[in-house]
Amino acid sequence: MAGDDLKTLVLADLHAELGAKFVPFAGYSMPVQYARGVMGEHLWTRENAGLFDVSHMGQVMLPDGSDAALEALVPIDVMGLAEGRQRYGFFTNEQGGVLDDLMIARVPGGLFLVVNAACKDADIAHLRAHINGVETIEGRALLALQGPKAEAALTQVIPEAGQMRFMDSARLDWNGVELWISRSGYTGEDGYEISMPDAEADAFARALLADDRVEPIGLGARDSLRLEAGLPLYGQDMDPSISPVEAGQAWAIGKVRRAGGGRAGGFPGADTILDQISNKPPRRRVGLLPDGRAPMRAGVEIFASEDAATPIGVITSGGFGPTLGAPMALALIDAATPTDAVLYGDVRGKRLPATQTKLPFTPPGYKR
Amino acid sequence: MKYTEDHEWLRLDGDLIVVGITDHAATQLGDVVFVELPEIETQVAKGDEIVVIESVKAASDILAPLDGEIVEVNDALDANPALVNEDPMGDAWFFKLKVDDVRALDDYMTEDEYKDHIGD
């Protein structure tokens, strides 16, 4: 099951006890599903509360006074981030592409970052090359509790968590243990992401799982949940060759960092990215609803007609939406494509029609 | 009932061979959301990819176990692909194949041999 180099999660025994199937992912042996299966876990999370182990992700602290240095790496308004608040952002490269996406929270003592597992070593090297005092947080597990009943379940053990709103970040006590909590997630649902010392993770996870509303959820459902929510996956929907504007993430670039703003530009690839915001990027991200039941998965080429010779784009993420009850996909297409055009995905040599649609595919449940 | 290394079961029905996937395969696939069936009267060669099964996780193929002609497909799977998870060994058969000589089935595994194959 686990290769020699595969790292194991501190909660691996708990996952096994809960019936997890493990797969290698980003260098870790990760639970991909439990007995309920991907579809059942997805639907459970949309109706109740799902507990995800995302301890593979990188946790990093930057000391107070790092704002300007971080703003030189991300097109985000870091200086305007208030204490106890969190923002979504991304590291960009000189070409205007994305090196990784991340969360940035203003916490006592500095900025707390959460980065993708597959990118964390490169991200940390990148940060260290530009910022003094970068501290990687080792020995803390990261769990996400997601779903409409996440608040009810978490407040059973941490009542103060109920006062947080979407994208708040707080340090709250649980039985004398300091938990670093944000009200955020990767499912489109209300929920929390909770960092805790490894030694407390098992007891804390069991305390949540003791609640009938909470079930463990694997990576499989995490992917279908985030896709229904229209949230990009780094490495698929965004990468070093795809700009955040093309990927539909320009909303995260604060006004102050845009052309005419008080701290306009000053991040890698700023010329390209700001030009794409002002004018138009060459490609745009679009949600697609295949007309039939056949899923269109990542890599499927998109054409403007049934017989066009050259593709106008490609699906970057695709699959079946359990809540949507139909296939869904994100595609990166030529920006000149009319927004009402029916597009065709080449699925095993057949051109199947798909309709462009607004994102997300399913309505969000955030508590703003 | 005979079994292939690709986790298909083959059942003799008169002079036809009915083809489905095993419980083991259905469990491994996870929730099936789409099945693409071949056209009736298609001539197939052993090893051809003739059915596509899409689960929430991935797409996989069913191969023709023998040379022959597709004479019937299970249209119930169009409307209800989840049948593959509910009754893989029974109602969720995929197609019926007419072959020259049903004795070719003898080359495939018995149930015991298949159980050894999957390490059950």
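Mentor: The largest cavity has a volume of about 110 Å³. This is a predicted model, where local features need pLDDT of at least 70 and side-chain atom pairs count only at pLDDT 80 or more, while totals for chains, interfaces and linings use all residues. Residues are numbered from 1 along each chain as its sequence is written, chains are lettered from A and ligands numbered from 1 in the order in which they are written, and side-chain values use heavy atoms, with hydrogens and water left out.

Trainee: What makes a space a cavity and not a pocket?
Mentor: On a 1 Å grid over the protein atoms alone, a cavity is a set of points where a 1.4 Å probe fits but cannot get out, whereas a pocket is an open set with protein on both sides within 12 Å along at least five of seven lines. Its volume is the space filled by probe spheres set on the points, which are joined across faces, edges and corners. The whole structure has three cavities of 30 Å³ or more.

Trainee: What makes a residue part of a lining?
Mentor: It has an atom within 4 Å of a point. For the largest cavity 16 residues qualify, with A:Gln86, A:Phe112, A:Val114, A:Ser182 and A:Glu193 nearest its centre.

Trainee: How are the lining residues of the second largest cavity classed?
Mentor: Ten are nonpolar, one is polar and one is charged. Ala, Val, Leu, Ile, Met, Phe, Trp, Tyr, Cys and Pro count as nonpolar, Asp, Glu, Lys and Arg as charged, and the others, Gly among them, as polar. The lining includes A:His15 and A:Asp53, and that cavity has a volume of about 50 Å³.

Trainee: Why are H2(A) and H7(A) called oblique?
Mentor: Helix H2 (residues 37–47) and helix H7 (residues 219–228) of chain A pack at an angle of about 55°. Angles under 35 degrees count as roughly parallel, over 145 as roughly antiparallel, 65 to 115 as roughly perpendicular and the rest as oblique. H2(A) and H7(A) are therefore oblique to each other. Both names come from DSSP runs numbered from the N terminus: helices (H or I) have at least four residues, strands (E) at least two.

Conventions. Axes fitted to C-alpha atoms, helices over the stretch in contact; angles between N-to-C directions.
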